[in-house]
Amino acid sequence: MAEVGARYGTLVEKTVAAVSHSPGHTSPLLRKALVDRSGVDVPENLKAFLDKVTRHADQVTDDDVDALKRAGYDEDEIFELTASAAVGAALLRLNRGLAALMESR
């Protein structure tokens, strides 16, 4: 969290807490792992989808979501996992952008 600096720290902490620790249909540990991009205990049948959300969110299709439903995930679970992966990807990009700004000074 230190990377985001004082300007964004509080907002980031609130966002991470909301996504990771709020009551939900999926494990808070899994959601936190997705936010942190640690890859810890991510079920194999989720990896390709979550990688797509992280790297190519614009390419996620209804077929991707339908495949998760066929694998037994409901819409609430899919939403929570997608949001967690998206927040993790956003934080990675934010930290990289802030690092680039700091290097340019």
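Helices (H or I, at least four residues) and strands (E, at least two) are DSSP runs, numbered from the N terminus.

The structure is a predicted model, in which local features need pLDDT of at least 70 and side-chain atom pairs count only at pLDDT 80 or more, while totals for chains, interfaces and linings use all residues. Residues are numbered from 1 along each chain as its sequence is written, and side-chain values use heavy atoms, with hydrogens and water left out.

I begin with confidence. The term pLDDT stands for the predictor's confidence in each residue, from 0 to 100. For this chain the mean pLDDT is 89, and 93% of the residues reach 70 or more.

Next, the overall architecture. The chain has five helices and zero strands, in the order α-α-α-α-α from the N terminus on. Its C-alpha trace spans about 50 × 30 × 20 Å along the principal axes. Of the 105 residues, 30% count as buried; here buried means under 20% relative accessible area, exposed over 50%, and partly exposed in between, with a 1.4 Å probe and protein chains only. A contact means heavy atoms within 4.5 Å. Of the contacts with a separation of 6 or more, 54% are between residues 24 or more positions apart.

Let us turn to the interior. In soluble globular proteins, nonpolar side chains tend to be buried together. A nonpolar core is a set of buried Ala, Val, Leu, Ile, Met, Phe, Trp, Tyr and Cys residues joined through side-chain atoms within 4.5 Å. The largest such core in this chain has 12 residues, among them Leu30, Leu34, Phe49, Leu68, Tyr73 and Ala85. Helix 2, helix 3 and helix 5 each supply at least two of its residues, and the largest share, four residues, comes from helix 3. What does Leu34 touch, not counting residues up to four places away in sequence? The list is Val42, Leu50, Leu81, Ser84, Ala85 and Gly88. A second, separate core of six residues includes Val19, Val35, Val87 and Leu91.

At its start, a side-chain oxygen of Ser27 comes to within 3.1 Å of the backbone nitrogen of Leu29. After the helix comes Arg37, which is placed in the loop between helix 2 and helix 3 (44–55). Phi of Arg37 is near 60°, a positive value in a residue other than glycine. Arg37 counts as partly exposed because its relative accessibility is 40%.

I now come to charged side chains. A salt bridge is a side-chain nitrogen of Lys or Arg within 4 Å of a carboxyl oxygen of Asp or Glu. How many salt bridges does a search of the whole structure find? The search finds six.

One of them joins Glu80 and Arg31, whose closest N and O atoms are 4.0 Å apart. Glu80 lies in helix 5 and Arg31 in helix 2, so this pair ties together parts that are 49 residues apart in sequence. Both Glu80 and Arg31 are buried.

Lys47 is partly exposed because its relative accessibility is 38%, whereas Glu44, at 62%, counts as exposed. Arg55 pairs with Asp51, with the closest N and O atoms 2.5 Å apart. Being four residues apart in helix 3, Arg55 and Asp51 are separated by about one helical turn. An α-helix has 3.6 residues a turn, so residues three or four places apart point the same way. Arg55 is exposed at 54% relative accessibility, and Asp51 is partly exposed at 35%.

Finally, consider Glu77, found in helix 5 (residues 75–104). For charge, Lys and Arg count as positive and Asp and Glu as negative, while His and the chain ends are not counted. Glu77 is buried yet has no salt bridge, and the nearest side chain of opposite charge, Arg31, is 9.7 Å away. Leaving aside neighbours within four places in sequence, Glu77 is in contact with His25, Thr26 and Gly72.

Thank you for your attention.

Conventions. Polar contact = N/O pair within 3.5 Å; in protein donor to acceptor, adjacent residues only side chain to side chain.
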